[in-house]
Amino acid sequence: MTSLLKTPQESPSQEHRPYIGKILLQKELPLELSTHFTKIPSIKRKLLYNECQRCGNQKRFLFGIIPCAKCHQTHLYCRNCIEMGRVLECESLFCWTGEAPKWTCYDAPLSWRGTLTSAQQTASNKLVEVINEGKKEFLIWAV
Ligand SMILES: [Zn+2]
Ligand SMILES: [Zn+2]
């Protein structure tokens, strides 16, 4: 049986950690870890639109066309995620399919054990009151 509240687990190996869940360009791919990645097409041409497999962009105006020195033809590239390095149609992306991330589960997430000052307590009470009354605006100024 799985429980929502797991005890902290062994974290993935330090070597894998920076790459888990990532989609990389060929030039970013660490050779020694390449077996943990699966090659996927970078841009899928669909009937009505194209789709960048790294950022999910489907907007026509966010694709550019560039001549490719390797293939001697023009290719699509994604302008939406170009800041992370150009995704060119003829180049594959490499998607992490190795070990899954193991997240630490905390017993009491987003909780705080402490004591509010009386002014904070007053503000807190007022805020809860406003939320319960369904009022939309309430300004709290805190430092
Ligand atoms: Zn993209
Ligand atoms: Zn090419």
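This is a short tour of the structure above, one selection at a time.

Before you start, note that this is a predicted model, in which local features need pLDDT of at least 70, side-chain atom pairs count only at pLDDT 80 or more, and totals for chains, interfaces and linings use all residues. Residues are numbered from 1 along each chain as its sequence is written, while chains are lettered from A and ligands numbered from 1 in the order in which they are written.

**The whole chain**

Show the C-alpha trace first: along its principal axes it spans about 70 × 40 × 30 Å. The radius of gyration of the chain, taken over C-alpha atoms, is 24 Å, whereas a compact globule of 143 residues would have one near 15 Å; that globule rule is 2.2 Å times the number of residues to the power 0.38. Now colour by secondary structure to find 1 helix and 8 strands. Helices (H or I, at least four residues) and strands (E, at least two) are DSSP runs, numbered from the N terminus.

**Leu88**

Stay with strand 7 and pick Leu88. This residue has 19 C-beta neighbours inside 10 Å and therefore counts as partly exposed (20 or more would be buried, 12 or fewer exposed, with C-beta atoms placed from the backbone). Beyond its neighbours within four places in sequence, Leu88 is in contact with Ser42, Cys68, His75 and Tyr77; contact puts C-beta atoms, placed from the backbone, within 7 Å.

**The core**

Now select Leu24, Phe37, Ile43, Cys52, Phe63, Tyr77, Cys78, Val87, Leu93 and Phe94, the 10 residues of the largest nonpolar core. Such a core is a set of buried Ala, Val, Leu, Ile, Met, Phe, Trp, Tyr and Cys residues joined through C-beta atoms within 7 Å. Strand 6 and strand 8 (93-96) each supply at least two of its residues.

**The helix**

Finish at helix 1 (residues 118-133), whose end C-alpha atoms are 22 Å apart. The number of buried residues among its 16 is 0, so helix 1 lies largely in the open. Gly134 follows, with a positive phi near 75 degrees.

Technical notes:
Contact = placed C-beta atoms within 7 Å. Expected span 1.5 Å × (residues − 1).
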